[in-house]
Amino acid sequence: MGVGVGTASAQSILAVPDSFLAGVPLELGNPGGSAPGSNDWSCRPSDAHPEPVVLLHGTGGGRQTNWAVYAPLLANEGYCVYSLTYGNLQGLTWPLNAIGGMTPIDVGTAQISTFVDLVLASTGASKVDIVGHSQGTMQANNYVKFFGGADRVAKIVSLAPLWHGAYGTEQVSVGRSMRSLGIDDEVQAGIPACKACVEMIHGSAFIDHMRADGVYVPGIDYTNITTRYDEIVVPYTSGIEPGPNATSIVVQDGCERDYSDHLALAGSARGAGFVLNALDPDHPREVPCRFVAPIAG
C-alpha cells in the first residue's frame, strides 16, 4: 500500500493488500479465521504503541472479511491487533455465521465489551484504541457511552461513521457481503432481517439516544474519516460531528483522485494514512493521494 513499513522486523513483515475485498478470499480459504496480523494472543504492546488496537467491522462484515488491509498494516507498524465478529446470527453454519452486525446493536456491544476485557487481560494494557468501520463506529461509541468502556478506550478512529444516522439502511451492504461469500439472493431471503440496520436510520431511538447529551465522551480522542462518495451513509456529512475532542476528515479534500465509496474507504491507502496518523499523532507521516476506484479500492 505504500503507507510505511513501520517498526516490525524484516522477518515479520506481512503483505498488505490494497483492496477492501481482499478479505473475501481470506475467509473463503480459511473459514472463520482471523486476518493475518490479528488475534495474536501472545502479543505484548511496545512502549511506542502501548494501546492494543481493536478493529470493529461494519454491517455484514466480520473479523477477517473487513480487515484484510488493516490487520497486517497495523501489525507491521508494531501494534498488537485484535478483531472479533460481533452480532452474527447464532446457530448458523459457515458462511452464514461469518456475517456480523446483524443483531440489535446492544447485543453486539455486549460482545465487544467482553472481548475488550479479554484483550486488556491478555496484553496487560490499561486501555485500547478502537478503529471502527460503519456500524463499528457506532458500536465503539455505544461501548464507551453506555457499556462502561469510557475508562478502557484512549482513541476511537471511525471510517464512514454516521453520527446523525443515515437516510436509509445498510441492508445493501449486508447483501453485498453475503453474495461475496457465495450466498445467493434466494438463500438471503430466508435469513432473518438485519436488526441493527433499522437502528442506524436517522431519527431512530438508538440515534436519538446516542445524540441526546452530545455524541462524544470527554477524555477520548475521536477521528472521523469520511468520503463524499459514500452510498450507504447518506449524506456522508452524517459522519462529520464537531467537538472539542474530535477531528473530521474528508478523504477527497486535497485528493480528488480518491473515489472511495463506503467499502473502499476501509481499504484505501489514503484512509489508512489518516488512521495511522490518528493512532500515533506524535509521529505523523505523509498521507498518500492516489486513484481509488469504488468498492474494490
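**View 1. The open sheet of the predicted model, with its six strands in the order β2-β1-β3-β4-β5-β6**. The pairing throughout this sheet of 6 strands is parallel. The edge positions are held by β2 (81-83) and β6 (246-250), each of which has a single partner strand, so one side of each is left without a neighbour in the sheet. On average, and with direction ignored, neighbouring strands of the sheet are turned by 15 degrees against each other.

**View 2. The pairing of β1 with β3, and the helix α3 that lies across them**. The parallel strands β1 and β3 are joined by 4 bridges, and Leu56 stands opposite Gly132 in β3. Helix α3 lies across β1, β2 and β3, and runs at about 155 degrees to β2.

**View 3. The largest nonpolar core, with 42 residues**. Those with the most contacts inside this core are Leu56, Val128, Ile130, Met138, Val144, Val153 and Tyr222. Two or more residues are given to the core by each of the elements β1 (53-56), α3 (105-123), β3 (128-133), α4 (135-146), β4 (153-159), α7 (195-199) and α8 (205-211), with the largest share, 6 residues, coming from α3. Another core, of 30 residues, lies apart from the largest one and includes Val53, Tyr79, Ala266 and Leu279.

**View 4. The surroundings of Tyr222, one of the core residues with the most contacts inside the largest nonpolar core**. When residues up to four places away in sequence are not counted, Tyr222 touches Asn141, Val144, Ile156, Val215, Tyr216, Val217, Asn245, Ala246 and Thr247. Among these, Val144 is likewise listed with the residues that have the most contacts inside the largest core.

Methods: Residues are numbered from 1 along each chain as its sequence is written. This is a predicted model: local features need pLDDT of at least 70, side-chain atom pairs count only at pLDDT 80 or more; totals for chains, interfaces and linings use all residues. Side-chain values use heavy atoms; hydrogens and water are left out. A nonpolar core is a set of buried Ala, Val, Leu, Ile, Met, Phe, Trp, Tyr and Cys residues joined through side-chain atoms within 4.5 Å. Buried means under 20% relative accessible area, exposed over 50%, partly exposed in between (1.4 Å probe, protein chains only). Contact means heavy atoms within 4.5 Å. Two strands pair if DSSP finds at least two bridges between them. Axes are lines fitted to C-alpha atoms, for helices over the stretch in contact, and angles run from 0 to 180 degrees between N-to-C directions.
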